[in-house]
Amino acid sequence: MLREIYITETNCITPLGFDVESNIESILRGDTGIQIHNDISLMPNSFYASIINDEKINNAFAEISAETKYSRLEKMMILALEPIIKNAGVELNSKTAFLLSTTKGNVTALKDQSEESFKSAHLDALAKNVADFFQFQTQPITVSNACVSGILAVSIAKRMIQSELYDNVFVVAGDEVSEFVLSGFNAFQAMSDLPCKPYSKNRTGVSLGEATAAVLVSANPAAAKIKVIGDSSINDANHISGPSRTGEGLFLSIQNALKEAQIEAQKLDYISAHGTATPFNDEMEAIAFGRLNLQSVPVNSLKGFYGHTLGASGLLETVIAIESANSNTLFESKGFDEIGVSETINVIEKNENKNIEYFLKTASGFGGCNTAVVFEKIKHKLH
Amino acid sequence: MTQKTYIQSYIQIENNEIVLNGESVFKIEQTDFADFSKQAYRHFEIQYPKFFKMDALSKLAFLGADLLLSPIVSDEKENNIALVLANNSASLDTDVKHQESISDKGNYFPSPAVFVYTLPNICLGEISIRHQLKSENSFFIFDTFNTEFMSNYSNILLNSNKAETVLCGWVELFNNNYKAFLCTIGTNENLKITNETINTLYNK
């Protein structure tokens with residue numbers, strides 16, 4: 001019998017707040033982090049993005065450390081991890097792993113051509129800096145698998161604990177809005193000229209965003225927030241920069257994750273989907289959900305609140321979805337107006353109460369990657 | 001129950017040479033990676049024009065994977081071969097090229113064909129497309145090849161039936177410095193490679 005796996009601690013650092021509670025309050029109010037920016041150090045033209053105020057990061061960081069050597073992203077990651085490491089009381093010994101997930105890490109360091117700056121653009125250097133702040137005893141593990149990185153990290157942590165290599169895995173995911181990424185998405189003509197509108201008829205592309213999120217994945221059921229019961233990450237084997245027209249990889253990922261979870265697709269009460277608001281991605285997701293008969297399951301994309309936070313998105317959206325499940329509240333899919341995908345899907349138009357026992361988190365990304373993870377609410381025994 | 005797993009085949013690519021299961025199968029005079037990879041592609045008569053659109057990291061991973069997977073991939077059935085690769089430089093070789101295209105505001109030409117390769121897992125996508133592998137894939141970053149983690153993670157995929165075979169390895173490339181070590185791992189006993197582990201083979 002494999003060990004049961006739980007998420008016992010969560011946190012996130014976003015433009016909507018520096019803890020989970022303030023993020024949920026903002027979501028319930030309908031606030032968004034996406035704003036128009038005119039910053040020629042980031043883009044030649046004005047653009048919509050969800051960006052965290054530098055001063056807020058520095059002030060919050062100054063409260064926990066006087067060190068000045070950390071990059072902006074490192075500070076955001078440390079801020080996400082600090083309260084949960086403190087609160088968990090888990091010993092950072094040989095059975096506690098640290099898993100960092102990111103797509104681009106400190107890529108902004110490439111602007112400076114010094115040897116030292118180039119070194120800090122390496123993802124293992126980022127992981128080491130964050131790990132050393134907390135004095136983890138195990139070698140940090142970094143996963144960089146495009147936009148599925150954040151949710152893939154949950155699945156990797158689950159597998160590492162099930163194999164009994166570790167008892168606890170602290171996972172952090174993060175990415176920044178950078179000139180590097182903005183220019184790339186813009187070159188792909190994938191940027192929306194208005195705040196992004198996932199699954200809507202008039203969607204024209206992504207709004208980028210930045211965030212960090214952190215969770216503790218554990219074999220210890222005490223203080224469990226949610227149970228992780230199935231996961232899979234299947235490649236489309238179709239195209240490196242566009243999703244499969246049939247949603248094949250996502251379809252297979254969800255199918256495998258449900259099989260491991262030993263539940264029927266119809267048991268799902270909610271889907272926290274990827275919904276980047278590019279025409280092809282959202283259409284592909286709708287096709288994959290349709291193939292699994294998930295047409296009526298309430299679905300949202302949180303990109304309307306946070307923009308696309310790349311490697312952070314999967315973990316950030318999981319943190320929010322856990323709150324959704326535990327408060328039995330479906331959050332609106334912000335930015336949605338008129339359905340704009342060819343298959344029927346049940347996009348959540350306004351916040352509403354609903355009992356959520358099981359939910360699914362999905363993500364898809366460049367390189368044809370997809371990840372699906374199924375979660376089950378903790379059933380508290382009556383005494 | 002944990003099943004025992006075995007290395008089925010392995011390949012090393014470095015210093016203008018390709019060594020398959022301990023035997024040198026291709027070697028040329030000192031040259032750069034672009035030329036080396038092109039000559040290797042021709043030598044093995046690989047028919048796959050998309051190869052020439054790939055960035056250097058994808059070419060390196062693709063070549064290693066092609067020589068290991070072509071003999072075992074079947075057109076008739078689904079091939080559940082997971083891809084678990086790692087390196088140190090992620091996609092920095094291409095990141096630097098994209099950065100150069102945006103650094104000079106008077107000469108600002110970011111290209112989607114370059115940008116798409118600024119993710120290390122793109123090489124997994126290239127291998128998946130080539131061999132039609134609808135399978136598990138993940139890309140890890142370490143300062144040096146963490147053979148213990150990589151073999152443990154491969155074993156997890158095999159033991160949890162998430163994969164029948166795992167292509168596992170290290171594909172490091174920056175500028176013209178490259179080193180690849182890839183191996184296939186499965187549950188069939190292999191009498192040719194008995195006492196070796198990823199660690200002993202990589203450090204040979």
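Author: We can begin with the two domains of chain A, whose centres, taken over C-alpha atoms, are separated by 20 Å; domain 1 covers 5–218 and domain 2 covers 228–376. Please keep in mind throughout that this is a predicted model.

Reader: How do you know that residues of domain 1 of chain A are in contact with residues of domain 2 of chain A?

Author: The criterion is that the C-beta atoms of two residues, placed from the backbone, lie within 7 Å. By that criterion, 59 residues of domain 1 of chain A are in contact with 52 residues of domain 2 of chain A. Among the elements that supply at least two residues each to the domain 1 side are strand 1 (5–13), helix 1 (20–29) and helix 6 (149–162) of chain A, and helix 6 of chain A has the largest share, with eight residues. The residues of that side divide into 30 nonpolar, 22 polar and seven charged.

Reader: Which elements give two or more residues to the side of chain A that touches chain B?

Author: The contact takes 40 residues from chain A and 42 residues from chain B. On the chain A side, the elements giving two or more residues are helix 5 (123–134), strand 5 (141–143), helix 6, helix 7 (179–187) and helix 8 (248–261), and helix 7 of chain A gives the most, with five residues. By class, this side of chain A has 20 nonpolar, 16 polar and four charged residues.

Reader: Why are strand 2 and strand 7 of chain A called edge strands?

Author: They belong to an open sheet of three strands in chain A, with the order 2-3-7 and mixed pairing. Strand 2 (34–37) and strand 7 of chain A each pair on one side only, and they are the edge strands. Strand 3 of chain A is joined to strand 7 of chain A by two bridges, and these strands run parallel; Ala49(A) stands opposite Leu208(A) in strand 7.

Reader: Why is Arg203(A) called buried, given that it is found in a loop?

Author: The label rests on a count, and the threshold is 20 or more other C-beta atoms within 10 Å. Arg203(A) has 25 such atoms and is therefore buried, while its place in the chain is the loop between helix 7 and strand 7 of chain A. Leaving aside residues up to four places away in sequence, Arg203(A) touches Cys196(A), Lys197(A), Pro198(A), Ala277(A), Pro279(A), Asp282(A) and Gly340(A). Arg203(A) and Thr278(A), although 75 residues apart in sequence, are 6.8 Å apart in space, C-alpha to C-alpha.

Reader: How do you know that the radius of gyration of chain B agrees with that of a compact globule?

Author: For 204 residues, a compact globule would have a radius of gyration near 17 Å, and chain B has 17 Å, so the value agrees. Along its principal axes the C-alpha trace of chain B spans about 60 × 35 × 35 Å, and 50% of the residues of chain B count as buried. Of the contacts in chain B with a separation of 6 or more, 68% are between residues 24 or more positions apart. Chain B has seven helices and seven strands.

Methods. Residues numbered from 1 in each chain as written. Chains lettered and ligands numbered in written order. Predicted model: local features only at pLDDT ≥ 70, side-chain atom pairs only at ≥ 80, totals over all residues. Domains from an automatic or database assignment. Helix = DSSP H or I, 4+ residues; strand = E, 2+ residues; numbered from the N terminus. Nonpolar A, V, L, I, M, F, W, Y, C, P; charged D, E, K, R; others polar. Rg over C-alpha atoms; globule rule 2.2 N^0.38 Å. Buried ≥ 20, exposed ≤ 12 C-beta atoms within 10 Å, placed from the backbone. Pairing = 2+ DSSP bridges.
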